[in-house]
Each structure stands twice: as C-alpha cells, then as structure tokens.
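Subject: The structure I promised you

Hi there,

Here is the structure we talked about. Have a look at it first, then read on.

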Amino acid sequence: VNALTEAELKEQVQALRRYRPRLLAEKVETREQFELCRRLGFDYFQGFFLERPQVMQGTSISTARLPVVMLLAALYRPEVDVEELEEIISRDVSLSYKLLRYLNSPLFPVRRPIDSIYQAVVYLGMEELRVWASLVILSAVPNAPRALVVMLMVRAKMCELLARGLGHAEPRRCFTVGLFSGLDALLDVPLPQLLDRIALGEEMTAALLRRQGDSGRILECVLRYEQADWDHIVRLGVAPQVAVSAYLDAVRWANQAPFQT
C-alpha cells in the first residue's frame, strides 16, 4: 500500500472487484493506512502496524480506553482477593456476560452451566480467571482492529503452547505476556507507560520490556516466528517444526474463541 496514493489504491480495488478476490494489504505501517484498507474491503493485513506499532511518546491514555486500563489494573492488583475480583468483574455487565458465555462454550466441558462470576472464580481459580477476563476486555477495546486482536490471541496461545512443550513451570504466565505484548498497539500508548498502571510483577514486566526470563525468551521466539527468523528460533532452542505446530494450534484455538464477536 505504500507504493500507491490513496486514489490509486481505491482505483486498484475497484478494478479488482469484478474478480471477487481476497485482498491482502502489505506494508501497513500506520493505523490510518489500516483503517483505509479496511474501509476499502481488504481481507488480510501485514505490516509494522500489526507487528511493531509506532506509538508517540508522551501520549496520554484516551478517555475511551482509560476504563480498559483501570479494569486491567484492578484485576492484576497483587492484594486483590477472591471476593473483590468477583465484584470487579460483576460490575461490568458486558464483561460478565461474555466471560460466562465463554465458560459455557464447548471449549470448557463443564458438567453443569456456570451461571455466576462466583462459580467462575471457584471453577477457574484467580489466576486463570484473570487470563480469560483479560482476553474478553482486550477483545472489546473501542475501535480496536479485529486483525490486531486476533493476532494477539494467536501470539498469546502460541507462547503458552511453546512454554508447555518446553516444560516451563508457568505456561499461563507466558500466555499473558504474549497477550499484553501488543497493549501499546491496542491502546495507542507506550507499553512502559501502560505497565506503570498495571502491576504485573517484575518477572512479567522484564519479559515484556526486555525479553528477559523464561517468559521473555518464549515471547522473543514467537516474535521471531512472526518474522520467519528461523536461525534465531533455533538459537533459542526451539525446533522449527515445534514452532510451526504451536502456531497452527494457536490459530485453530483463536478461531474458536466465542467472545470475538
């Protein structure tokens, strides 16, 4: 898309429509380019906007996105207990509904329906509930590009699957690291500024900002996979076929997630 002006891009799309193609926009580097291509009817997107977004330093959190950050901060506050976590989630009707719908989907073979947030806390436990609540919250960010949300879901699940395959002690932590690695793109605010608001702990913060620790190395491996940097993946100790398998399983999982719509 960088090779064409906006008028030329529109002209190309119009000329192609009679063939009913699936359109891929390459080299999408800004949100404006992404939105233009989405309006023109593109189906697939590739570029630095989805991979490494350029976020203006000093940008404040917008009014529309501030509730998202506050809710995530409350969920991950170290001293939060079960009752408070239940209250935090229950206060948001949309979050409660989507979370319960997810837990009652075929992905969770529960013997009887989960019809309250309290039951969800009991069934999942606090850490697991944080993960699913975070997924629902981020999937509902106002004006968030769907392609970006799905990509982060795939990245998060791939991080978890690689962690399990490599025998890491806390694969769900790797899931959260993968999911939060794109918070800056979703919320248009630098990641360090967002992490100042959300108390993820030193280990997860180091993984996200400096790729340190087990979680950081797993995230680095997944990011390298997205760039097809196979040499680096091997140097990180992951066989290419293992990475491919984890990616395909992550895509299948993301496509089944009921809270995307």
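Predicted model: local features only at pLDDT ≥ 70, side-chain atom pairs only at ≥ 80, totals over all residues.

Below is what turned up, starting with the core and moving on to some helices.

Residues are numbered from 1 along each chain as its sequence is written, and side-chain values use heavy atoms, leaving out hydrogens and water.

The core

A nonpolar core here is a set of buried Ala, Val, Leu, Ile, Met, Phe, Trp, Tyr and Cys residues joined through side-chain atoms within 4.5 Å. Buried means under 20% relative accessible area, exposed over 50%, and partly exposed in between (1.4 Å probe, protein chains only). The largest such core has 77 residues, and Ile-89, Trp-132, Leu-138, Phe-180 and Leu-183 have the most contacts inside it. Helix 9 (residues 146-165) gives the most to this core, with 12 residues. Helices (H or I, at least four residues) are DSSP runs, numbered from the N terminus. Apart from this core lies another one of 12 residues, including Phe-34 and Phe-45.

What does Trp-132 touch? Leaving aside residues up to four places away in sequence, the list is Leu-99, Tyr-102, Phe-108, Leu-124, Arg-172 and Trp-253. Contact means heavy atoms within 4.5 Å.

Helix 9 and its partners

The axes of helix 9 and helix 10 (residues 171-180) come within 7 Å and cross at roughly 155 degrees. Axes are lines fitted to C-alpha atoms, for helices over the stretch in contact, and angles run from 0 to 180 degrees between N-to-C directions. Among the residues of helix 9 that meet helix 10 are Leu-152 and Ala-156.

With helix 14 (residues 213-226), helix 9 packs at an angle of about 125 degrees, the axes being 9 Å apart. That makes helix 9 oblique to helix 14. On the helix 9 side, the contact includes Met-158 and Leu-162; on the helix 14 side, it includes Ile-218 and Val-222.

One serine

Is Ser-96 buried or exposed? At 10% relative accessibility, Ser-96 counts as buried. Ser-96 is found in helix 6 (residues 93-103) and touches Ile-89, Ser-90 and Ile-117, not counting residues up to four places away in sequence.

Cheers

Definitions and conventions: Helix = DSSP H or I, 4+ residues; strand = E, 2+ residues; numbered from the N terminus. Parallel < 35°, antiparallel > 145°, perpendicular 65-115°, else oblique.
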